[in-house]
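Hi,

Here is the structure I promised to pass on.

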Amino acid sequence: MASVLSAFILVSCLSTILAADESFGLPTIEFKPITKLADDIPTCQQSDNNINECIKQGFQQLTPRLKNGISDLNIPPMDPFELGKSSYNYNSGMLQGRIAMRNVAVHGLSEGIVDKVDYRQKNNRVRMEMISHVPQMLAEGAYKADIKLNDMKITPKGTFNVTLSDVSMKTRAMGELYERDGHTYLRLSKLESEPKVGDMRIYANGLVPDPALNDVILDFINQYWRQLYQAMLPETMAIWEPQMLKLANEFFAALPFDLILKQN
């Protein structure tokens, strides 16, 4: 019984990398209006036959800078990406209680590579699809749980880390252009993402008092991580995507789109 419960706790730690429940929040950013881009940030032309390659190169040029942030674009340091605190409440079936995570950090985002961009525009309607990948990511943090499984209550706590290899992401965005203060801005109506993980290794201590049993639980999770990941993904992305859409629209509301892409 303890093994089943400990495995559930570990899966919740894994969820923190993708999303969290309603208590989860992305870092607060104070967006300041942007009137111009740095000289080394390219501006693409809508009429350019190689517009997709131009946008791709622009993204690829910016990605390594995520490590230290890009203050001119309202982008804070994002490698490591600090997720802070999150919590999960369970009150269904035989499982009740709460699992909390803190000091969660994700490393590796600035090593991302943009593989393909497909930008399409018709009148004021915009659609873009981007495929990218990160060779390796590491998430680490601390957890604490107060859980009751049937009649057994345990309160494990400790640290965890998750290493993800060959993480690929297909992102689709749709929106419309609008005029404001003499500039063209972009408002997104949809932002979807489809992450895939090549391999994953999970470690955590404190799941159970016995170190040997702790290792047995880890071996089980690492053997079946793919099934657990697929089971978690739809629910976690349903929470993550609306928050990312909100953040993206706050970003684009401060950045004139015609500074990124000049219209015909």
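Ser 132 counts as buried, at 17% relative accessibility (buried means under 20% relative accessible area, exposed over 50%, partly exposed in between, with a 1.4 Å probe and protein chains only). Before I go on: this is a predicted model, so local features need pLDDT of at least 70 and side-chain atom pairs count only at pLDDT 80 or more, while totals for chains, interfaces and linings use all residues. Residues are numbered from 1 along each chain as its sequence is written, and side-chain values use heavy atoms, with hydrogens and water left out.

Ser 132 sits in strand β5, residues 125–149. (Helices, H or I with at least four residues, and strands, E with at least two, are DSSP runs numbered from the N terminus.) Once neighbours within four places in sequence are set aside, Ser 132 is in contact with Ile 113, Val 114, Asp 115, Val 167, Ser 168 and Met 169; contact here means heavy atoms within 4.5 Å.

**The cores**

The largest nonpolar core has 30 residues, and Phe 160, Leu 164 and Met 200 touch the most other members. (A nonpolar core is a set of buried Ala, Val, Leu, Ile, Met, Phe, Trp, Tyr and Cys residues joined through side-chain atoms within 4.5 Å.) Which strand gives the most to this core? That is β5, with six residues. A second, separate core has 29 residues, including Val 114, Leu 186, Phe 251 and Leu 255. Val 114 is also one of the contacts of Ser 132.

**The disulfide**

Searching the whole structure turns up one disulfide, defined as a pair of cysteine sulfur atoms within 2.5 Å. Cys 44 and Cys 54 form it, with their sulfur atoms 2.1 Å apart. The link is left-handed, at -95 degrees about the S-S bond. Cys 44 lies in strand β1 (residues 44–45) and Cys 54 in helix α2 (residues 51–62), so the pair ties together parts that are 10 residues apart in sequence. Cys 44 is buried at 4% relative accessible area, and Cys 54 counts as buried too, at 18%.

**The chain as a whole**

The protein chain has four helices and nine strands, in the order α-β-α-β-β-β-β-β-β-β-α-α-β along the sequence. Of its 264 residues, 42% are buried. Among contacts between residues at least 6 apart in sequence, 71% join residues at least 24 apart.

Cheers
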